[in-house]
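Welcome! Have a look at the chain first, then try each task before reading on.

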Amino acid sequence: MKLYNVQTDYKTKKKTNSIKNELSLGTKWTITRLLIAFVLLIVGSSSLVSQPLNIILLVTAYLVIGARIVWQAIKNIFHGEIFDENFLMSIATIGAIILKQYPEAIAVMLFYELGNVFEDIAVNRSKKSISALLEVKPVSATLILGQQNKVVDPSVVQIGETILVKPGEKIPLDGTVVLGSSAVDTSALTGESMPQNLQIGDTALSGSINQTGTLQIKVTKLYNDSTVAKILDLVENASNKKADTEKFITKFAKIYTPIVVILAVALAIIPSLMTGDWHTWVYRALIFLVISCPCALVISVPLSFFGGIGAASRQGILVKGSNYLEALNYVDTVAFDKTGTLTKGQFSVVAVNPKNVTKDELLQMAASLEKNSTHPIATSILKAYSGKLVPAVNVIEKAGHGLYGKVNGQEVIVGNVKAMQQVKNFQATDAVGTVVYVAVNQQFWGDIVIADVEKTDAKRAIELLNNRGIHKNVMLTGDNQAVGTTIAKRLKMSNVYTDLLPENKVSIINDLLKVSHQNNKKVAFVGDGINDTPVLATADIGFAMGGLGSDAAVEAADIVIMGDEPSKVSEAMKIAKKTRKIVVENISFALIVKVLFLLLGALGMVNMWQAVFADVGVTIIAVLNAIRLQFISFRN
């Protein structure tokens with residue numbers, strides 16, 4: 001088997017296509033050689049051909065199917081790589097030819113190359129889910145220059161310039177929609193098939209596909225800092241950080257292979273010196289070499305992790321390395337940031353409580369005055385009221401209090417408790433959230449409660465983690481105790497820490513790490529903002545939420561969730577668990593079969609054909625088992 005480096009070069013679409021073509025042509029050529037060698041083997045082994053023609057045909061068959069492997073073994077020896085699978089196969093088959101076991105030597109090479117064909121197909125299949133991400137890479141941008149448009153490379157477009165994106169085109173750079181509206185397909189970025197509607201003022205992410213309308217987008221990030229560039233960077237480097245299991249298998253193979261070669265030599269010489277039967281014991285030694293090839297372990301383990309990373313990417317979860325995928329299996333504590341992670345990070349009106357007036361009257365008066373403010377609270381009130389606004393005059397904003405002004409000749413106050421000190425019949429509320437009180441002509445009209453609401457699947461995210469046996473789910477927030485405690489209770493979290501600064505969050509994570517590490521477990525943190533960067537870096541595994549919203553958070557995180565679904569934390573753990581299960585299955589199966597056949601081979605109970613199964617057969621089975629990840633649905 002070929003010892004694949006699954007860290008394929010993804011730097012450009014052109015390179016990716018050339019690699020795919022090369023693999024395709026290589027596979028076709030291998031199949032052609034297989035057919036030629038097989039025909040020569042059948043003819044050369046038949047009674048229709050007499051000696052020495054049959055020997056010539058069999059040697060030719062061996063050269064057709066085995067010359068590439070022998071030549072590779074010779075080149076590797078000159079590069080200091082002696083004990084690899086090419087060396088083992090070459091020595092075993094050349095030895096068989098010397099012993100005049102021509103059909104068996106050819107059969108070893110035939111099945112070995114047949115295994116390579118299956119492996120090529122399996123490896124390419126496992127890469128599809130990740131290489132599909134490369135299709136988001138834009139190849140051009142239409143730059144608007146006055147009355148003219150110019151098609152340019154996305155890398156030359158500067159911040160502040162405006163680009164044109166027509167229906168069916170990829171959005172090449174991050175920016176803000178300044179003209180037009182459209183539905184865009186973000187599935188390549190987030191794993192979600194539902195189109196997103198973009199309007200003027202909305203953020204457009206590069207790599208999305210514009211579907212229905214023409215958009216003009218003002219660029220807010222250079223190409224190298226854009227969403228699509230960061231995704232490609234994550235994909236390119238996803239295999240660089242290896243899991244401990246991968247590192248162990250690599251070290252194991254380097255030690256294991258020389259040992260079995262020495263054992264094979266000993267098996268050939270020692271019994272032969274004692275019995276004088278060199279033919280039998282050299283033949284057994286050659287069988288021993290064929291069986292000993294560690295291909296199944298060396299290939300299937302990294303391929304399994306690569307498949308797991310690919311499966312995660314299909315769900316909009318980008319894992320920066322297989323070490324983080326493996327580490328997810330040991331998490332017993334998950335800490336969440338609140339704002340933007342478990343909640344939407346957007347103020348919304350959650351309650352309107354009028355006193356002796358209607359809800360519409362209360363909202364109209366508040367919205368008419370708040371129209372003069374740019375505060376997020378004012379924006380949320382304006383969104384909550386869809387009726388007609390009344391012009392407000394003499395509007396004054398008093399810091400720490402609220403807004404004062406006249407609406408329809410009436411004195412209106414919209415603010416907090418401090419602003420209501422002179423208001424008659426004022427009644428404060430203990431509602432959780434930001435409370436805006438409204439008074440008209442010194443008469444209390446009621447209050448409007450504004451809060452940051454939970455994401456639609458936040459509660460489900462905690463339930464899924466509990467179902468996975470992870471019951472330590474804590475919230476870390478800078479909000480006050482009333483707000484933090486209320487949301488934590490609604491989500492049924494195990495604990496909540498409130499009134500925190502970034503350094504306080506780091507301190508709490510360190511405390512959680514001490515407890516988990518005592519039990520050989522790990523702590524994950526899920527956050528979205530730049531203020532979460534220190535915590536993401538401190539935790540064993542950091543999840544950045546929200547589609548690469550914060551560059552600093554993405555840089556510090558180990559896993560990036562492209563969408564806004566905290567439930568994908570559990571989904572990532574599900575993928576990690578299945579990946580580990582397949583890795584353990586492959587290691588166990590390969591080792592059991594190898595040890596059994598090595599013993600049987602040394603005792604002369606296995607011939608060369610059976611040895612081929614022990615090597616090629618086990619490898620094919622392990623590889624096919626590894627690519628099962630590509631066909632499994634991991635939706636929670």
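**Exercise 1.** What is the order of the strands in the open sheet of 6 strands?

*Solution.* Before starting, note that this is a predicted model, in which local features need pLDDT of at least 70 and side-chain atom pairs count only at pLDDT 80 or more, while totals for chains, interfaces and linings use all residues. Residues are numbered from 1 along each chain as its sequence is written, and side-chain values use heavy atoms, with hydrogens and water left out.

Step 1: Helices (H or I, at least four residues) and strands (E, at least two) are DSSP runs, numbered from the N terminus. The protein has 19 helices and 22 strands.

Step 2: Two strands pair if DSSP finds at least two bridges between them. Reading across the open sheet gives S2-S1-S3-S9-S4-S7, with antiparallel pairing.

Step 3: Strands S2 (148–152) and S7 (203–204) form the edges, each pairing on one side only.

Step 4: Inside the sheet, S1 (residues 141–145) and S3 (residues 162–165) are antiparallel partners over 2 bridges. Thr-142 has Leu-164 in S3 as its bridge partner.

**Exercise 2.** Follow strand S16 to its partners and describe the hairpin it forms with S17.

Step 1: Strand S15 (residues 410–415) runs antiparallel to S16, joined by 4 bridges.

Step 2: Val-440 finds its bridge partner in Gln-443 of S17.

Step 3: The S16–S17 hairpin has 2 residues between the strands, and Asn-441 takes a positive phi near 55°.

**Exercise 3.** Which residues touch the most other members of the largest nonpolar core?

*Solution.* Step 1: A nonpolar core is a set of buried Ala, Val, Leu, Ile, Met, Phe, Trp, Tyr and Cys residues joined through side-chain atoms within 4.5 Å. In soluble globular proteins, nonpolar side chains tend to be buried together.

Step 1: The largest core holds 97 residues, and Leu-328, Val-334, Phe-336 and Phe-543 touch the most other members. Helix H18 gives the largest share of this core, 11 residues.

Step 2: Another core, of 23 residues, lies apart from it; among them are Met-365 and Leu-403.

Step 3: Contact means heavy atoms within 4.5 Å. Beyond residues up to four places away in sequence, Val-334 touches several residues, including Leu-465, Ile-470 and Met-573.

**Exercise 4.** Is Asn-586 buried or exposed, and what does its side chain reach?

*Solution.* Step 1: Find Asn-586 in helix H18, which spans residues 568–602.

Step 1: With a relative accessible area of 3%, Asn-586 is buried.

Step 2: Its side chain reaches the backbone oxygen of Ala-622 at 3.2 Å. Not counting residues up to four places away in sequence, Asn-586 also touches others, including Leu-297, Ser-300 and Asn-625.

**Exercise 5.** Which residues does Thr-93 contact, leaving aside its neighbours within four places in sequence?

*Solution.* Step 1: Thr-93 sits in helix H3 (residues 85–98) and is buried, with a relative accessible area of 1%.

Step 1: Its contacts are Tyr-62, Ala-105, Val-108 and Met-109.

Step 2: Thr-93 and Met-109 are 16 residues apart along the chain, and their C-alpha atoms are separated by 7.7 Å.

Technical notes
Buried < 20%, exposed > 50% of the residue type's maximum accessible area, 1.4 Å probe, protein only. Polar contact = N/O pair within 3.5 Å; in protein donor to acceptor, adjacent residues only side chain to side chain.
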